[in-house]
Each structure stands twice: as structure tokens, then as C-alpha cells.
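Thanks for coming, everyone. Let me put the structure up, and then we will walk through it.

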Amino acid sequence: MNYVSIENIAKSFGERVLFKNISFGINEGQKIGFVAKNGTGKTSLLNIVAGGEHPDEGQVVYRKDLKVAFLPQEPDLDPTLTIEQTIFAADNEILRALSAYDKALKNPDDADAYQKAFERMEVLNAWDFETQYKQILFKLKLENLDQKVAMLSGGQKKRLALANILLSKPDLLYLDEPTNHLDLEMIEWLEEYFAKENFTLFMVTHDRYFLENVCNEIVELEDGQLYTYKGNYAYYLDNKEARVTNEQINTNKAKQLYKNELAWMRKQPKARTTKSKSRIDDFYEIKERAHKRRNDHAIELEINMERMGSKILELHKVSHSFEDLVILDKYEYVFKKGERIGIIGKNGTGKSTFLNMLTGAIVPDQGKIILGETIKFGYYTQKGITIKEGQKVIDVIKEFGEYIPLKKGRQISAQQLLERFLFDRKKQYDFVEKLSGGERKRLYLCTVLIQNPNFLILDEPTNDLDIVTLNVLENFLLDFPGCLLVVSHDRYFMDKIVDHLFVFKGNGVIEDFPGNYTDYRIYESSKIPEATVVQKEATVGNTKSNWKKEATPSLSYKEQKEFSRIERDLKKWELKKTELEKVFLDTSLSQEQINEASLELQEVIKNIEEGEIRWLELSEKME
């Protein structure tokens, strides 16, 4: 069933044409992910389709009586209401049914009104509405129902607006970056919720795992044209690559045909027949195809960063708290060269506070943070960049540096760096206030990089960045030779760039996990419940196979470090062993592939056995 028809819409800003003659439809049951580069009209098209903006041409036609809801990036809520009052003030069909039922109970003489109200309650399953909204608010960490909207953060307001929309149960739901301001646990809950509930979705998001797990169709806006892919994100990637390759083949063919036709054109007399005129018209079409260029801006930055000394960053018995909220409790860590650490944890566990302590913006209550003399931080914060009125893009970056040194004595200018991060020469001389939110974040990123840091700290760098820019950033970070510390709820991003995780558990507990986010989720899902572990320990007694036993001062400093490293390695090898064992379940494997996997598995088992032996040796010294 067709819900919405978008017919030949167009949008321009002055001479700048975003798109024209765009047509597509949204049908019942579709879960569409809409992707495009920042600044190419993504937000404008979403707003037009959702009814918040009018196209210059064309129209958007909705099916009659369709229930539609829209989650913008910055929702408009009444600041005088509480969280619970906001839920009950919404234009919600279930709330109207509850009101009608309540009114019918107060007028028992009107049997027809009562019967209609009762049946409506049954149809909408409105009897347990209180349970529904409290469950959703709990999942979105909005437990204080009496808190005023005026006292909420921007992220909390976004989550409250999301809760309202989910409770309204619309036929069609538009979402603009729904995973922004959600922690990883909330994002995974929302994925499961959309899988369970029968929503039709049209959404803009840069979260590639969310696109993969939720969407059954991807629509891409590129160079003013729409391309549709009937599958999830992985399907989109495969088929886009095939489309681009095919376009390149056709362009090369058109170039050769253009050369032949150009030679023919030059030989023609001024008076031409009708037949030759048709060929001339075809010539200009061929010319357009032959001169088509893709502008993907692949990036390969080989930055020659500042030299790192032996001492990088050390935390010694660092403690910090805000009243009853403990962030760190005698925390110790010594950073090593080339470490790539991801930070995850629920909102409010102190991730951003931790970064601010490392960079000196917050002084810890106790302990020492020692910074190496050669360390130069590049700190990308959630606050973004402060823009001066009338400032151009190129002027912003030149305030932080004119160039950065590359390897082999080369340099890259501020202009070239901007170009590599998708700001063409014309865009560089635009006023900053004309940039989209994502483009401003991209510019801010460039101001951090041009300072040539050797220790990069990124606090939610993926927010508001489009997928193309994320790929550019990931490619840069994969080649970055310095230390990297990143807070992000983008699981795809974290999986790609980090080697291990700091998991903020709350109450000052930070777990150092040896792997990326997917490794961590596999490990967490395979853990034995705590009650079972306690029961087993009571039965077995003081077993020597407990890897979580703490190192004591009876070990030397070097041995304590070795003990901790072995524990991390054993976890990593156990995960690898599990993955390899699953490989053998694939019946399509060739004999050669089976042999390779078998050899790799033997090597992993050998590492585990040797690690356990050394772990036991060190454990005995601790007794």
C-alpha cells in the first residue's frame, strides 16, 4: 500500500540547485535509510517529504487518514511541563481513547458512548499505556518523571521527543539522526524495538550498523539524483560499488565515442541534413556523458606528526567525583605509543569528564596525571567550533595553521587539507554561517588536524557527519601513527579503528577490554551469570584458574604488567578460538580453507595453553 508519493520535486537556494525532478514513493512496511553527503540537500529533502518545508516545484501526496510523526534533530517541547506531563500533552490517539473512556465512566447513563470508548480501548490496547510509557522512558534513561523539560539537556529532550513519537504509534515515522544522544545500550534497544513494532520508517542516520540492522531499503542522493537499493546497508555498499564501476566503464566508452564524433563534426559542411542534425544532437548528449566526473575525494593523509618521547601520559591513583557520583577511584594507567583506545559506557558515567581531566580542563580530586614533554594534544570536543560573524571557511582553518608537514619533506596547505575533507575551492570561500551542521563539524575536524597533534582525543566525532566523511575520517585514523582516544556510540566506527576499550561501568569502575566493540558484545553475551559464578566458586574453592584474580605486591612491577597482559591476551585468544570453531560449521568451505583455519586454530590453542601455564606460575608467586 502506497503511503506517500513524492512527485518531481525540486529545491534551490539562489543559483545553487540541490536537486530537481526527484520522484519516489514510500510504501507500507518499508524501512528506508536516506543517505547523502552533508550540504547536498539531505535535510531539505527530508523536511520536504515530512511536510516541514515546501519544494520549489512538484508535490508530496499523502494517503488519506495517514498517521505521520517526525523526529527532528532539535525538537520543540514546552519547557514548563514535566517529563510525564509532556507524554500526556502529546497528540496521541491512545490518550484520546483514554480521555473518552474516562468521560464515559463519569456518564454511566450513556451506554452507547461507553461501548464505543471500551471498544476503542480494546483496539488500541490502551489498558496498559502507563506501563508502556514508563518502560520506554526507563529504556531512554528518563526515570525522573517530575523533572521539568527546561532542566533537561539537549540529548534528554531528543530522547523525550523520541519516546513521545514511539508511544503515538504512527503509520509512518520520519527520523532525523535518531541515534544521536543515545548511548550504545539505548541504540541496541531501539533497533530491537523497530524490529518488533510494525513501523514504516524514512530516516536519516550516519549509524551504519543501525542502517544494517533496521533498514530494508537504502535511498541515496548523489549529484542531485536519487539511487535506490532494495536491501540493507551491506547490500547498498556492494551494489553501489557495482554501479560506480559500471558508470566508469560507460564513461570511458563515451569518451572514445566522443572522440570519433568530434572528428566527424569537424568534417561536416555548414548545411546539414535532418539525419546529420539528429546525430549532432546525439553528439552533445555523448559529450555530457564523456565529461562526467565522479568527485569522491579519496583521502590518503601521511602526516609527519610531532615526535613522541618515551613518556606519553600517565595516571597514578587518580580519583574524582561530583558529590555522590564517582568518576574515577584511584585509577592507574600508563599510555603506550600507538595505542588506539575506544571509550564506551552509559551516559553519565564520566566519559567526557575523563577526557577533560587528561587534557587539564578539570583537575582531579586526588592523584597525579603526568604528561610527557613531547605530547601535543588534538582535542575534538562535543561543543564544536566558535564561529565569528562574517568569517569564511578558509579563514577559520588558517587561524590554527597554514599547513601541516607530510612525510618525505612534503607539505599540505590549509586549502589542500580542506579539499581532502570535501570542501572544494569554491566552498572554501563561502561564509561559515552558510554551512550545514555536518559541514561545520567537518571544518572543526580540519582545525584539529592542521595543528599536527601526536595524541588525538575525539569526543563523539561521528555526530552529524555523513557516511562519506566518516569513511574519510576512518581512513585518516587508520594511518594515524600517534595515540588515539575516542568516545563514540558509532559501533561501526569503533570496530574499524580501535584495538581495545575502556568500558566505563559507573561508580569509578573502568574495565580495560582487549578488543573492539563487537568483540566486547560477544564476550558479554557469553559470560556466565554472576550467581552461577559465585555458586561455582563456593563449590570448587580457591581454584587457580580464576583469571580475574588481582595481582598483589608480591609480584615485581614487570611481573604485574605481564600478569595483566596475559589476562587480556587470554580473553582475546578465547574469543578468537570461538570464532574459528564457528568457521568449521560452514559446509561451503574448500579443503584448502579448512586446512588454513585448522592451522590457525592450533596456533590459538597453543597460545592459550602457554598463556595459562605462565599465568599459573605468576599466580603461585602471589599466594
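How much space lies in the largest cavity? About 50 Å³. Keep in mind that this is a predicted model. By the rule used here, there are 2 cavities of 30 Å³ or more.

Let's stay with the largest cavity. Its lining is made up of Phe-34, Val-35, Ala-36, Lys-42, Glu-177, Val-204, Thr-205, His-206, Leu-465, Asp-466 and Ile-467. Strand β3, residues 31-36, gives the largest share of that lining, with 3 residues. By class, the lining splits into 6 nonpolar, 2 polar and 3 charged residues. Domain 1 (2-237) and domain 3 (313-526) each supply at least three residues to the lining of the largest cavity.

How much space lies in the second largest pocket? About 1500 Å³. The second largest pocket is lined by 37 residues, and the closest to its centre are Arg-16, Gly-39, Thr-40, Lys-427 and Glu-439. Where does this pocket lie? Domain 1 (2-237) and domain 3 (313-526) both give residues to its lining, so the pocket lies between them.

Several elements take part. At least two lining residues of the second largest pocket come from each of β2 (16-27), α1 (42-50), β8 (217-222), α14 (425-428) and α15 (437-449). Helix α15 gives the most, with 4 residues. By class, the lining of the second largest pocket has 7 nonpolar, 13 polar and 17 charged residues.

Let me step back to the whole protein. Its secondary structure comes to 21 helices and 20 strands. There are 623 residues, and 45% of them count as buried. Take the contacts with a separation of 6 or more: residues 24 or more positions apart account for 68% of those.

Next, the cores. The largest nonpolar core has 53 residues. Which of them touch the most other members? Leu-137, Leu-140, Leu-160, Leu-166 and Phe-194. Helix α6, residues 154-168, gives the most to this core, with 7 residues. A second, separate core has 47 residues, including Ile-412, Val-472, Leu-473 and Tyr-517.

Look at Phe-194 for a moment. Set aside its neighbours within four places in sequence. Phe-194 is then in contact with Lys-31, Leu-166, Leu-173, Leu-175, Phe-199, Leu-201, Phe-210 and Val-214.

Start with Asn-21, in strand β2. Is Asn-21 buried or exposed? Its relative accessible area is 54%, so Asn-21 is exposed. Not counting residues up to four places away in sequence, Asn-21 touches Asn-8, Ile-9 and Ala-10. Lys-11 is 10 residues away along the chain, and its C-alpha atom is separated from that of Asn-21 by 9.4 Å.

Then Asp-65. You will find Asp-65 in the loop between β4 (57-62) and β5 (68-71). Asp-65 is not a glycine, although it has a positive phi of about 65°. With a relative accessible area of 68%, Asp-65 is exposed.

Strand β10, residues 313-322, holds Lys-317. Its phi is near 50°, again a positive value in a residue other than glycine. Lys-317 counts as exposed because its relative accessibility is 52%, and the cut-off for exposed is over 50%.

That is the tour. Over to you for discussion.

Note on methods:
Residues numbered from 1 in each chain as written. Predicted model: local features only at pLDDT ≥ 70, side-chain atom pairs only at ≥ 80, totals over all residues. Heavy atoms only, no water. Core = buried A, V, L, I, M, F, W, Y, C linked by side-chain atoms within 4.5 Å. Buried < 20%, exposed > 50% of the residue type's maximum accessible area, 1.4 Å probe, protein only. Contact = heavy atoms within 4.5 Å. 1 Å grid on protein atoms, 1.4 Å probe; cavity = no way out; pocket = protein on both sides within 12 Å on 5 of 7 lines; lining within 4 Å. Points joined across faces, edges and corners; volume = space filled by probe spheres on them. Nonpolar A, V, L, I, M, F, W, Y, C, P; charged D, E, K, R; others polar. Domains from an automatic or database assignment.
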